[in-house]
Amino acid sequence: MQIIVVGCGKVGKEIVRQLAAEDHNVTVIDKNGELVKSVSNEFDVRGVIGNGTSYMTLSDADLEHTDILIAVTPNDEVNLLCCVVAKKGANCHTIARIRNHIYSTERNFIQKELGLSMIINPEMTAAREIVRRLSFPSAIEIDTFSKGRIELLRFEVSEKSPLVGLELKYISQKIPGNFLICVAQRGDEIIIPDGNFSPEPGDILGVIADQADIHGFFKKIAIKTNAVKNTMIVGGGQLTYYLADILLKAGGKVKIIEQDPKRCEELSEFLDRATIICGDGTNVNLLKEEHLDQMDGLVTCTGMDEQNLVLSLYAQDKVRTKIITKMSHVQYDDVVKSMHIGSVINPKKLAAVHILRYVRAMGNTLGSKIETMYHLIDGKVEALEFTVTADSKVTGIKLMDMKFKSNVLIAGISRQGKLIIPGGQDEFHVGDSIVVITKKLGCHDFHDLLK
């Protein structure tokens with residue numbers, strides 16, 4: 001597909017990285033010539049220097065033949081205007097990044113009236129992801145399918161876990177339930193496990209189950225699942241606002257440490273039930289005074305990745321239950337992984353994945369379209385959800401008779417709201433949601449997984 005990305009900042013760069021990797025024809029636009037040159041050279045895409053709200057600039061980027069325009073400049077109003085001009089000029093699909101919380105509350109109206117295909121708010125998306133992880137602190141990552149009814153959780157196997165040394169083909173005898181261990185990470189090795197796989201201490205496993213059954217599974221393997229009740233957030237940016245607002249509305253207690261007095265006043269006005277502390281969240285004495293050791297959860301959410309990392313490392317043996325670290329730079333991924341600090345959230349990467357999911361669904365022409373997509377284990381594995389439509393060519397065929405490519409696992413079938421852990425005799429029906437785990441990246445359709 002032909003795609004224009006307006007804005008070469010961190011979000012724009014991450015979007016271009018993933019789109020270029022899937023061989024889309026990408027053109028980037030930015031007023032900063034150095035940024036355009038850097039991004040276009042790194043990812044071998046076309047660059048145009050100029051204002052993305054200008055019809056002439058968009059025309060230079062070949063708007064006429066563009067399928068999707070993605071506007072991710074730092075300015076919400078600029079992004080909206082870019083999309084309006086593109087829509088009027090070429091009637092292409094348009095995606096806008098909108099960060100202001102006022103616009104976010106009116107997103108449905110804005111999207112409908114301006115004809116936007118999608119609105120993405122990286123901070124809101126990240127806040128919702130953090131809330132999911134605080135609600136299930138034993139999980140490193142949580143992904144949902146079938147409109148939230150099915151969950152895929154990744155967790156670390158402890159030395160005393162009953163899963164250690166147990167071949168998966170015997171797991172239902174020892175731990176009965178409707179679940180499937182569908183992906184494993186052992187050091188740098190990524191495994192799509194079969195029945196002969198035996199977990200070892202330190203393995204990171206992914207398990208898929210009904211939302212109603214997942215707590216039961218973790219209880220059976222002796223992992224606590226109590227949700228975080230009181231959370232300390234260091235840093236008072238937009239992500240903090242969205243996160244605190246959700247946690248407070250859910251009945252949680254929130255303490256925010258922010259250094260800027262003006263921002264503290266703003267947070268106090270919008271979050272009247274939160275405790276706002278004006279001070280340096282990297283100051284160890286302040287953290288002690290604010291009883292860090294009595295907190296169930298800590299979210300390090302300053303504007304500097306280095307500060308967030310150091311804070312998380314310091315708090316590892318002090319916070320009772322869960323630590324979540326916000327990261328903005330993709331190039332730190334290997335460093336973060338080596339530190340074993342648990343859950344890491346990158347709003348830019350989350351936003352890029354959401355947009356890539358939409359792009360893939362747009363490019364789908366067959367009868368099993370992508371509904372949901374997640375990148376697991378630093379993007380080395382994808383978890384995909386396909387919906388089977390009446391045009392699909394895979395209905396009525398037993399799974400044992402389908403020939404899948406290597407490293408592809410049908411992890412679950414959602415039918416009328418219930419999860420089926422599939423076996424060889426199962427078939428796909430129209431309306432089913434199929435959850436697939438695969439090391440084959442860039443799939444646009446279920447048929448891409450077949451030989």
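The model is predicted, so to speak of local features a pLDDT of at least 70 is needed, side-chain atom pairs count only at pLDDT 80 or more, and totals for chains, interfaces and linings use all residues. Residues are numbered from 1 along each chain as its sequence is written, and side-chain values use heavy atoms, with hydrogens and water left out. Six strands form an open sheet with parallel pairing, a search of the whole structure finds 16 salt bridges, and the count of disulfides is zero.

**The sheet as a whole**

- The strand order is β3-β2-β1-β4-β5-β6; helices (H or I, at least four residues) and strands (E, at least two) are DSSP runs, numbered from the N terminus.
- Two strands are taken to pair if DSSP finds at least two bridges between them.
- At the edges sit β3 and β6 (118-120), each of which pairs on one side only.
- From one strand to the next, the twist averages 15 degrees.
- Helix α15 (residues 347-362) packs on this sheet and touches β1, β4, β5 and β6, where contact means heavy atoms within 4.5 Å.
- The direction of α15 makes about 165 degrees with that of β6; axes are lines fitted to C-alpha atoms, for helices over the stretch in contact, and angles run from 0 to 180 degrees between N-to-C directions.

**Strand β2 and its neighbours**

- Strand β2 (residues 25-30) is mostly covered, with five of its six residues buried; buried means under 20% relative accessible area, exposed over 50%, and partly exposed in between (1.4 Å probe, protein chains only).
- On one side, β2 runs parallel to strand β1 (residues 2-6), and five bridges join the two.
- Within that pairing, V6 stands opposite I29 of β2.
- Strand β1, helix α1 (residues 10-21) and β2 together make a right-handed β-α-β unit; right-handed means that, with the strands pointing away from the viewer, the path from the first strand over the helix to the second runs clockwise.
- Strand β2 also runs parallel to strand β3 (residues 46-49), this time through four bridges.
- There, V28 has G47 in β3 as its bridge partner.
- To get from β2 to β3, the chain crosses through helix α2 (residues 33-43), and this β-α-β crossover is right-handed.

**Strands β4 and β5**

- Four bridges link strand β4 (residues 68-71) with strand β5 (residues 93-97), and the two run parallel.
- Here I68 has H93 in β5 as its bridge partner.

**Salt bridges**

- A salt bridge is a side-chain nitrogen of Lys or Arg within 4 Å of a carboxyl oxygen of Asp or Glu.
- E42 and K13 form one of these, with their closest N and O atoms 3.2 Å apart.
- Because E200 lies in the loop between β10 (189-191) and β11 (204-210) and R186 in strand β9 (residues 179-186), the pair ties together parts that are 14 residues apart in sequence.
- E200 is partly exposed at 39% relative accessible area, and R186 is partly exposed at 24%.
- D317 and K318 make a salt bridge of 3.1 Å, N to O.
- In that pair D317 is exposed, at 66%, whereas K318 is partly exposed, at 28%.
- Shared partners join E129, R132 and R133 into one salt-bridge network.

**D188 in its loop**

- D188 lies in the loop between β9 and β10 and is exposed, with 65% relative accessibility.
- From D188 to K112 the distance is 45 Å, C-alpha to C-alpha, and the two are 76 residues apart in sequence.

**Cysteines**

- With a disulfide taken as a pair of cysteine sulfur atoms within 2.5 Å, the count comes to zero.
- C82 is in no disulfide, and its nearest cysteine sulfur, that of C83, is 6.7 Å away; C82 is buried, at 0% relative accessible area.
- C264 is in no disulfide either, with the sulfur of C278 the nearest at 3.8 Å; C264 is buried, at 6%.
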